[in-house]
Amino acid sequence: MAEERGDAEIVACIVAGGAEARAAEAELCRRFAPRIRLYGLRHLRDEDRARDLVQAVLLGVLEATRARRVMDPSRVDRFVLGTCRNVAGRMRETEGRAEGGDALEHLAAPQREHVDLGALMRCLGRLDERARVVVGLSFHEGHSADEVASRLGTTPGNVRVVRHRAVAALRSCLDRKAGEGAR
Amino acid sequence: MNRCSAPAPWEALVAYWAGDLPSGEEHALEEHVMGCEACSAESARVAAITETLRAMIPAVIDRALLERLRARGLRVRESPFAPGDRREAHFTRDLDVLVFRLGGLDLSRAETVEFAMRDERSGQILTASQNVAFDRDAGDVLLCCQRHYAGLPPDVVVEVKVRAAGGAEQVAQYTILHRFE
């Protein structure tokens, strides 16, 4: 299998322009779009706005790269993250959609996992009661580990352990069900 | 996929998606994940679970959430069930959620209400909670059946246990035979 090009090499190709620049831009988008989406989902908590963020950030990063404003091409990831923080911050302030349009739609639409809700319900049913309660309070109701601990009369450390084990159990359960479905 | 020499721990990724990593750790994790294909893929595996859970409507809801669902444009039908009822409930194509009003409960002195839904045939618990929302004045608990429940066994027994001040307990069962169109 061919070794993937490093970020610095991709940036150099874009800066050089010419025939290979377009393919390098596509590769940069393919590489970072899923990571930008995750950042958006975490900070904007909305799939549509996360998709907007992907478009706006990639557009900004490509423009900066072409204009040689990425100072350290080997750390273009830091540049992408900084751009994410700026654009998401502006989006949170205005509660609006990001500028950037659909210019990169064909390059930047990241794949997302489709979770079978019925399967997830079944997997939740297999958790023990305490794990179900912690998952419910953490993710349905959005409480922090400290808040969940105080409601359940335990320590935040215990909540974190129960929580990450529960998410791991749900992940394994869903993977198993997906495997059964594929056979 | 390129391998990672210092993979982000699963528990840190779960804490990140739960929103309670300390700010310094959150920034460090984001810097690592943004530069690491393997860890970003692992973070996506965590997010698929946590963000789906966050977006799911709970099985038992309160009236305020029911009104918010209506305000969001969801098509809702309410259906009253009395303790001991065993009957069909048709989830028709024109519905997004079918809300069962599990009534006949004396909730005037209730401290907590427990809820469990199990497969009538196998007895397997499908979902349960020790402390669900309830309407003290109306004397009911709202079970919010959603279209993805079509993936569950159709005939379910719902058990509601009311714990009142002083230790008194009241248990009611409702058997719902879901028929999805």
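At what angle do the axes of helix α1 and helix α2 of chain A cross, and within what distance do they come? In this predicted model, the axes of α1(A), residues 7–16, and α2(A), residues 19–44, cross at roughly 140° and come within 8 Å. Since angles over 145 degrees would count as roughly antiparallel, the two helices are therefore described as oblique to each other. The crossing in which α1(A) passes α2(A) is left-handed. On the α1(A) side, the contact is made by Ile10(A), Cys13(A), Ile14(A) and Ala16(A), which meet a set of α2(A) residues that includes Glu20(A), Ala24(A) and Leu28(A). By class, this contact holds 7 nonpolar and 3 charged residues, with no polar ones.

Helix α2(A) also takes part in a contact with helix α4(A), which spans residues 76–94. Here the axes come within 11 Å and cross at roughly 35°, and the crossing is right-handed. From α2(A), the residues Phe32(A), Ile36(A), Tyr39(A), Gly40(A), His43(A) and Leu44(A) meet Val80(A), Cys84(A), Ala88(A) and Met91(A) of α4(A). The residues of this contact divide into 8 nonpolar and 2 polar, with no charged ones.

Turning to chain B, the average pLDDT is 92, and 99% of the residues score at least 70. One is an open sheet of 5 strands with mixed pairing, in the order β3-β9-β8-β5-β6. Its edge strands are β3(B), residues 86–91, and β6(B), residues 125–129, each of which pairs on one side only. Direction ignored, neighbouring strands of this sheet are turned by 25° against each other on average. At the β6(B) end of the order, β5(B), residues 110–119, pairs with β6(B) in the antiparallel sense over 4 bridges. Within this pairing, Ala116(B) has Ala128(B) in β6(B) as its bridge partner.

The other open sheet of chain B has 4 strands in the order β1-β7-β4-β2, again with mixed pairing. Its edges are taken by β1(B), residues 60–61, and β2(B), residues 76–81; each has a single partner strand, so one side of each is left without a neighbour in the sheet. The partner of β1(B) is β7(B), residues 141–146: the two strands run antiparallel and are joined by 2 bridges. Val60(B) stands opposite Leu143(B) in β7(B). A helix accompanies this sheet as well: α4(B), residues 63–71, lies across β1, β2, β4 and β7 of chain B. This helix runs at about 150° to β2(B).

For the complex as a whole, the predictor gives an ipTM of 0.90 and a pTM of 0.81.

Key: Residues are numbered from 1 along each chain as its sequence is written. Chains are lettered from A and ligands numbered from 1 in the order in which they are written. This is a predicted model: local features need pLDDT of at least 70, side-chain atom pairs count only at pLDDT 80 or more; totals for chains, interfaces and linings use all residues. pLDDT is the predictor's confidence in each residue, from 0 to 100. Two strands pair if DSSP finds at least two bridges between them. Axes are lines fitted to C-alpha atoms, for helices over the stretch in contact, and angles run from 0 to 180 degrees between N-to-C directions. Angles under 35 degrees count as roughly parallel, over 145 as roughly antiparallel, 65 to 115 as roughly perpendicular and the rest as oblique. A crossing is left-handed if the near helix is turned anticlockwise from the far one by less than a right angle, and right-handed if clockwise. Two residues are in contact if their C-beta atoms, placed from the backbone, lie within 7 Å. Ala, Val, Leu, Ile, Met, Phe, Trp, Tyr, Cys and Pro count as nonpolar, Asp, Glu, Lys and Arg as charged, and the others, Gly among them, as polar.
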